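Subject: Model for your files

Hello,

Here is the model I said I would pass on. My notes follow below it.

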Amino acid sequence: MSNQDQPQDHSPSEEKNVNLPELSAQDRAVLDRVFGDDPEAFVVESDRDDAVLNLLNLLDSPVASELQRPSRINLIQILAARLESSTDLGNLQLSQEDQQALDQYINQGYEVDRVDPDLQSRAEKCARIGESIIGSTSVSSINTSSDLVSRTLSTIQAHIDQEEAAMDFSNSNQWALSGRWADLVSIAAMLLIVASIALPIMSGVRSNAQQGLCFDNMHAAANAFGLYAGSNRDMLPMATAGFGPTWMDVGSTPERSNSSNLFTLIRTHNANLEDLACPSNPNAAVGQADPDAWDWRSLQEVSYSYRIMPPGGMRATAAGQPVRVVLLADRSPVILRVASGRPIIPEENSPNHKGKGQHMLMLDGGTQWTTSPIINSQDNIWLPRPIEQVIHQVRSKLGIITGTELPDGPTDAFVGP
Amino acid sequence: MSDWQSQSDEQVFEAFLRDEPDAYRELIERHHDDLLRFLTRMVGDRAAAEDVFQETFLQIHISAATFDTSRRFRPWLFTIAANKARDMLRKKNRRKTVELSAPIRKSEPGASFIDLLEVDVPSPDAAMDLALRDEQVQQALDQLGPALREVLLLAYFQRLSYAQIAEDLGIPLGTVKSRMHSAVAAFARSWQVVSKSSDQAD
């Protein structure tokens with residue numbers, strides 16, 4: 001390389017970038033002429049000019065083919081032509097016949113057959129344009145429906161969380177008491193009014209989004225059950241062969257806790273804590289599970305109630321076994337009441353969704369939402385059949401107040417309307 | 001379990017307003033394919049369309065209380081989607097960009113007329129690579145201005161009458177008609193150019 005070929009005017013940043021190849025001075029001079037003040041005046045005079053133009057044409061081969069003469073280049077003109085091509089389409093008009101055909105086609109409910117016969121061939125073109133537009137937009141990738149649906153629900157949830165965080169005045173330490181006390185009172189009153197309007201709406205929106213996420217959890221659990229059964233001789237998750245004196249002592253030992261059976265999905269890496277954490281349960285355990293854990297640490301951490309496993313376990317599929325059996329549901333209110341020593345309310349809904357209902361995952365993988373724990377054949381999912389029968393008998397014996405009853409003597413307290 | 005299939009969009013939306021679970025998911029799933037196609041056509045690429053898709057349903061969620069349930073849900077959804085797509089395009093086009101590989105067409109002064117019978121638009125069952133056709137349609141649409149693209153897409157995707165489009169977009173009926181005429185003409189011309197340059201490239 002001669003001295004003349006050495007690059008002349010490098011900025012410091014360019015000098016640091018030693019890996020970039022550099023153009024010779026002659027090539028740079030050709031480029032300066034191509035992109036100079038008067039590109040129109042550029043004429044190929046040497047092989048070098050030709051080589052530089054050929055290289056540039058590589059960047060945009062359709063341009064070269066259109067101009068069909070690589071000896072002159074005017075990028076500005078080409079760019080302007082393209083800008084124009086993208087903006088002057090609005091000047092185009094349909095022929096009168098096409099306008100009539102289009103109008104009739106639209107006014108006749110997009111039915112070509114209902115257009116005047118002599119305009120039908122034109123209406124057909126209008127229909128084809130529509131078909132090509134609606135057509136098959138990335139049909140292959142549209143099939144990721146559930147992914148986008150879940151992301152959309154998560155976006156909504158994140159927005160709701162943000163809104164709630166913004167409303168959480170108690171966490172804000174940025175209030176400077178610099179204004180007059182009366183001003184602060186006015187602002188506070190205004191904010192309270194806004195909050196009193198917004199909070200019920202936000203609450204409804206939030207619970208709906210949470211139910212959506214909970215529904216996703218049911219699907220994740222269904223997959224996890226399937227994976228587990230697939231590699232465990234078709235058995236549903238079990239942590240122990242049978243229970244000891246109880247199955248509701250969460251966080252103790254597998255023999256005393258049915259939730260440890262469900263936790264098997266996490267322990268065997270078929271599900272993670274998030275999959276089995278209902279967003280409506282503030283105490284739900286999330287994050288990395290302890291590799292040595294066999295169960296959730298407490299009843300409060302458990303979001304879903306799992307079918308009580310019979311001794312020896314249960315198969316996911318078996319001849320004659322009904323498939324519409326509830327395998328998993330939002331957590332049982334009955335167990336929560338029993339654990340805290342309160343009387344049960346058999347028809348109460350799960351607390352996961354503010355008592356409005358519960359999701360259920362069936363043995364066949366189907367998921368459903370019910371607004372009552374009583375499902376087909378009057379089966380209460382929170383209770384075993386013998387207890388249901390006792391409750392039924394007690395209720396039928398007690399009957400109902402008919403309006404003819406009287407206090408059982410002066411010491412019997414009994415009031416009525 | 002709610003039997004959503006037998007319920008109209010408006011009924012499902014009312015169920016959502018009553019806080020019935022999964023109603024909103026049902027609405028999203030129900031309109032997923034059409035809306036995503038519409039948005040992909042509007043904004044030109046799938047990733048951006050997915051962003052606008054999410055923004056649209058977030059907006060619907062936020063504005064739920066303002067929706068008049070005696071009206072149809074789908075036009076409302078698509079109108080919000082179109083607004084969101086327009087916002088996105090506006091941000092994107094703050095710096096005007098033109099693809100250097102976009103086909104060149106000689107400009108003609110004043111209005112020019114196009115005859116649809118001279119335009120070769122392949123029928124849906126024509127033997128053609130679907131992905132290629134899809135790409136070409138998108139290229140042709142990209143050449144249209146946003147206003148023309150919007151009216152064209154709203155009309156075809158929803159099969160709306162001129163009056164319905166006018167109502168949805170809040171523009172006069174005559175404007176809708178003339179825009180639609182121009183949009184179809186522009187798309188037909190653009191399609192001609194795109195498919196011709198693709199043939200030449202082959």
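Helices (H or I, at least four residues) and strands (E, at least two) are taken as DSSP runs and numbered from the N terminus. The model is predicted: local features need pLDDT of at least 70 and side-chain atom pairs count only at pLDDT 80 or more, whereas totals for chains, interfaces and linings use all residues. Residues are numbered from 1 along each chain as its sequence is written, and chains are lettered from A and ligands numbered from 1 in the order in which they are written.

Chain B

The secondary structure of chain B comes to 8 helices and 1 strand, in the order α-α-α-α-β-α-α-α-α from the N terminus on. Of its 202 residues, 41% are buried (20 or more other C-beta atoms within 10 Å of the residue's own; 12 or fewer is exposed, in between is partly exposed; C-beta atoms are placed from the backbone). Contacts are pairs of residues whose C-beta atoms, placed from the backbone, lie within 7 Å. Among those in chain B between residues at least 6 apart in sequence, 69% join residues at least 24 apart.

Helix α4(B), residues 73-92, has 20 residues and spans 28 Å from its first C-alpha to its last, close to the 28 Å expected at 1.5 Å a residue (the expected span is 1.5 Å times one less than the number of residues). Its buried residues are Phe73(B), Leu77(B), Phe78(B), Ala81(B), Ala82(B), Lys84(B) and Ala85(B). The cover over them includes α1 (9-17), α2 (23-43), α3 (46-62) and α6 (146-158) of chain B.

The axes of α2(B) and α3(B) come within 8 Å and cross at roughly 130 degrees. Axes here are lines fitted to C-alpha atoms, for helices over the stretch in contact, with angles from 0 to 180 degrees between N-to-C directions. The two helices are therefore oblique to each other (under 35 degrees is roughly parallel, over 145 roughly antiparallel, 65 to 115 roughly perpendicular, and the rest oblique). On the α2(B) side the contact involves residues including Leu35(B), Leu39(B) and Val43(B), and on the α3(B) side residues including Ala49(B), Val52(B) and Phe53(B).

Chain A

In chain A, 4 strands form an open sheet in the order β2-β3-β4-β5, with antiparallel pairing (two strands pair if DSSP finds at least two bridges between them). β2 and β5 of chain A are at the edges with a single partner strand each, so one side of each has no neighbour in the sheet. The twist averages 25 degrees from one strand to the next.

Strand β2(A), residues 304-306, pairs with β3(A) over 3 bridges; Tyr306(A) has Leu328(A) as its bridge partner, and Ser305(A) has Ala329(A). Strand β3(A), residues 326-330, is largely enclosed by the rest of the structure, because 4 of its 5 residues are buried. β3(A) and β4(A) also pair over 3 bridges, with Met360(A) as the bridge partner of Ala329(A) in β4(A).

β4(A), residues 358-362, is joined to β5(A), residues 367-370, by 4 bridges, and Gln358(A) stands opposite Thr370(A). These two strands form a hairpin with 4 residues between them, and Gly365(A) in the turn has a positive phi of about 90 degrees.

Pro351(A) lies in the loop between α12 (333-339) and β4 of chain A. With 17 C-beta neighbours inside 10 Å, Pro351(A) counts as partly exposed. Pro333(A) is 18 residues away from Pro351(A) in sequence and 6.2 Å away in space, C-alpha to C-alpha. Leaving out residues up to four places away in sequence, Pro351(A) touches Arg331(A), Pro333(A) and Leu336(A).

Regards

Definitions and conventions
Two residues are in contact if their C-beta atoms, placed from the backbone, lie within 7 Å.
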